[in-house]
Structures are given as structure tokens and as C-alpha cells.
Amino acid sequence: MKDYHINIFYRNQDEGYIADIPDLKYCSAFGETPESALQEVQIAKTAWLEAAKAAGKPIPEPKYPPAIYQLTT
């Protein structure tokens with residue numbers, strides 16, 4: 001399984017967090033917390049990859065190294 005870099009950021013207009021995977025065009029998700037945005041984008045990533053495979057489209061190689069962050073509470 002390929003690991004892709006995931007961006008997570010707060011967006012005032014949406015009043016929540018957006019998670020996106022830059023290597024997978026238009027693959028993003030929303031969550032009320034960073035953790036929920038991450039969970040949602042993992043689901044979106046699976047759907048994105050399955051749809052690309054089903055359509056016979058190439059799966060991009062990761063360009064950005066995955067980042068590992070530890071959340072503190």
C-alpha cells in the first residue's frame with residue numbers, strides 16, 4: 001500500500017477541518033476535528049483508488065513524503 005502525504009487544515013468558511021491528499025487530484029474530506037477529517041480522507045482515498053483502478057486509470061506515485069504527526073491533547 002502506498003502512503004500519501006495528507007494535509008489537514010482549519011477552514012473558517014467551512015467551520016471545520018479539511019484533509020486533502022495532494023497526489024490524488026480532488027481527493028479531500030471534511031471533519032469537525034482534525035481526527036475526523038483524517039478518518040474521512042482515508043475513506044475518500046480508498047474510494048479514489050478503487051474508482052481509478054475500475055476505470056483503468058493510472059495510480060500516481062507519491063511525490064510528497066508522508067508526514068507523521070502526534071496529536072497532543
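**View 1. Ile18 and its partner in S3.** Within strand S3, Phe30 is the bridge partner of Ile18. This is a predicted model: local features need pLDDT of at least 70, side-chain atom pairs count only at pLDDT 80 or more, and totals for chains, interfaces and linings use all residues. Residues are numbered from 1 along each chain as its sequence is written, and side-chain values use heavy atoms, without hydrogens and water.

**View 2. S2 beside S3.** S2 pairs with strand S3 (residues 28–31) in the antiparallel sense, over four bridges. Two strands pair if DSSP finds at least two bridges between them.

**View 3. S1 beside S2.** Strand S1 (residues 7–11) and strand S2 (residues 16–20) are antiparallel and share five bridges. Which residue of S2 is the bridge partner of Phe9? It is Ile18. In a regular strand, side chains alternate between the two faces of the sheet.

**View 4. The hairpin of S1 and S2.** Four residues lie between the two strands. Glu15 takes a positive phi here, near 55 degrees.

**View 5. The whole chain.** The protein has three strands and one helix. Along the sequence, the pattern reads β-β-β-α. Helices (H or I, at least four residues) and strands (E, at least two) are DSSP runs, numbered from the N terminus. Of the 73 residues, 23% count as buried, meaning under 20% relative accessible area with a 1.4 Å probe, protein chains only. Among contacts (heavy atoms within 4.5 Å) with a separation of 6 or more, 34% join residues 24 or more positions apart.

Notes
Buried means under 20% relative accessible area, exposed over 50%, partly exposed in between (1.4 Å probe, protein chains only).
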